[in-house]
Amino acid sequence: MTDTLANVTKEESIAIIHLDHPPANTLSSASIENLRRIFQELAEDEDTSAIIMTGTGRFFVAGADIKEFVSAFGQREKALQMAQAGQALCDEVEAMKKPVIAAINGPALGGGLELALACHFRIASNQAILGLPELKLGLLPTFGGTQRLSRITNQATALQLILTSKQLSADEALQLGIIQLVIEPKELLMTAKTVAQSFVEGKSMTSVSRTIECVIQSTKANLQQGLELERTRFAELLLTNDAKEGVQAFIEKRQPHFKHC
């Protein structure tokens, strides 16, 4: 699958999205639309079990396309549409029922960090920098940054990082729990593939998808609502052939053969 702003390759069941919008992989309205379409296609692709997203060149994503902001000055509806488009992309990434891993190869700033925050797992090159500098423009993060960063860290840390516009090194982001691994640049993609394989290899994709749903919902619902979803999905899984096969294989001390149904 090839696009003018992103290239998608497949390695076995892992899809790799290479963001390719030179010179800095900014999120223009066109690239946002294309990425939404790519994720929608991958969501329906039965041969894809996990997704990796990384940047081409020096950048992961340098942020939104600032030039497009000029066209929205004084136009409330247009500004709302721009924000809605970015939020919709990040919502779709987060709602994917297949693991999505951000392999952050370089600067992930503004909308680029917000896109990474919507992924389920984040790995960064030790040369990456991360930050939300929107306040320096008289704006605020609007692709979900004010919401997801506080859920991933905490309210005080999110406010500090956003209000100071601080750019974090990969190691600093790791300490705050914003990313999960820091890797040498040459090992970044290989490590992302290994992580992706560990998430899905030998697993029923039915249970993988339900698990992602429950964990993501835990940040949006109260405990009782989350527990209700958890037990509902558990009961549904016990009706599947995969659950029967998985339990039987455990009893018989053999590897299960899942059919993802």
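Strand 1 and strand 2 form a hairpin, with 2 residues between them. Glutamate 12 sits in the turn and has a positive phi of about 55°. I note here that the model is predicted.

Next I looked at how the hairpin strands pair. Strand 1 and strand 2 run antiparallel and are joined by 6 bridges.

Then I followed strand 2 to its other partner. Strand 2 (residues 14-19) pairs with strand 3 (residues 50-55) in the parallel sense, over 6 bridges. Here alanine 15 stands opposite isoleucine 51 of strand 3.

In what order do the 6 strands of the open sheet stand? I read the order as 1-2-3-4-6-9, and the pairing is mixed. Strand 1 (6-11) and strand 9 (181-183) each have a single partner strand, so they stand at the edges, and one side of each is left without a neighbour in the sheet. From one strand to the next, the twist averages 20°.

Strand 7 (residues 129-131) pairs with strand 8 in the antiparallel sense, over 2 bridges. I checked isoleucine 129, and its bridge partner in strand 8 is serine 169.

**A helix pair**

I turned to helix 9 (residues 205-217) and helix 10 (residues 223-237). They pack at an angle of about 175°, and their axes are 10 Å apart. An angle over 145 degrees counts as roughly antiparallel, so helix 9 is roughly antiparallel to helix 10. Which residues of the two helices make the contact? From helix 9 I listed Thr206, Ser207, Arg210, Glu213, Cys214 and Gln217. From helix 10 I listed Leu229, Glu230, Arg233, Glu236 and Leu237. By class, the contact has 3 nonpolar, 3 polar and 5 charged residues.

**The largest pocket**

I moved on to open space. The largest pocket holds about 800 Å³. It is lined by 35 residues, and the closest to its centre are Ala64, Phe69, Met82, Leu139 and Thr142. Helix 1 (29-44), helix 2 (66-70), helix 3 (76-95) and helix 4 (111-118) each give two or more residues to the lining. Which helix gives the most to this lining? I found that helix 3 does, with 6 residues. The lining of the pocket divides into 19 nonpolar, 8 polar and 8 charged residues.

The largest cavity has about 60 Å³ of space. Its lining includes Leu19, Asp20 and His21, along with Asn25, Thr26 and Leu27. Leu5, Ala6, Ser31, Leu35 and Val61 line this cavity too. I sorted the lining into 6 nonpolar, 4 polar and 1 charged residues.

The second largest cavity has about 40 Å³. Among the residues that line it are Leu113, Gly131, Leu132, Lys166 and Ile178. This lining has 6 nonpolar, 1 polar and 1 charged residues.

How values were computed. Residues numbered from 1 in each chain as written. Predicted model: local features only at pLDDT ≥ 70, side-chain atom pairs only at ≥ 80, totals over all residues. Heavy atoms only, no water. Pairing = 2+ DSSP bridges. Helix = DSSP H or I, 4+ residues; strand = E, 2+ residues; numbered from the N terminus. Axes fitted to C-alpha atoms, helices over the stretch in contact; angles between N-to-C directions. 1 Å grid on protein atoms, 1.4 Å probe; cavity = no way out; pocket = protein on both sides within 12 Å on 5 of 7 lines; lining within 4 Å. Points joined across faces, edges and corners; volume = space filled by probe spheres on them. Nonpolar A, V, L, I, M, F, W, Y, C, P; charged D, E, K, R; others polar. Parallel < 35°, antiparallel > 145°, perpendicular 65-115°, else oblique. Contact = heavy atoms within 4.5 Å.
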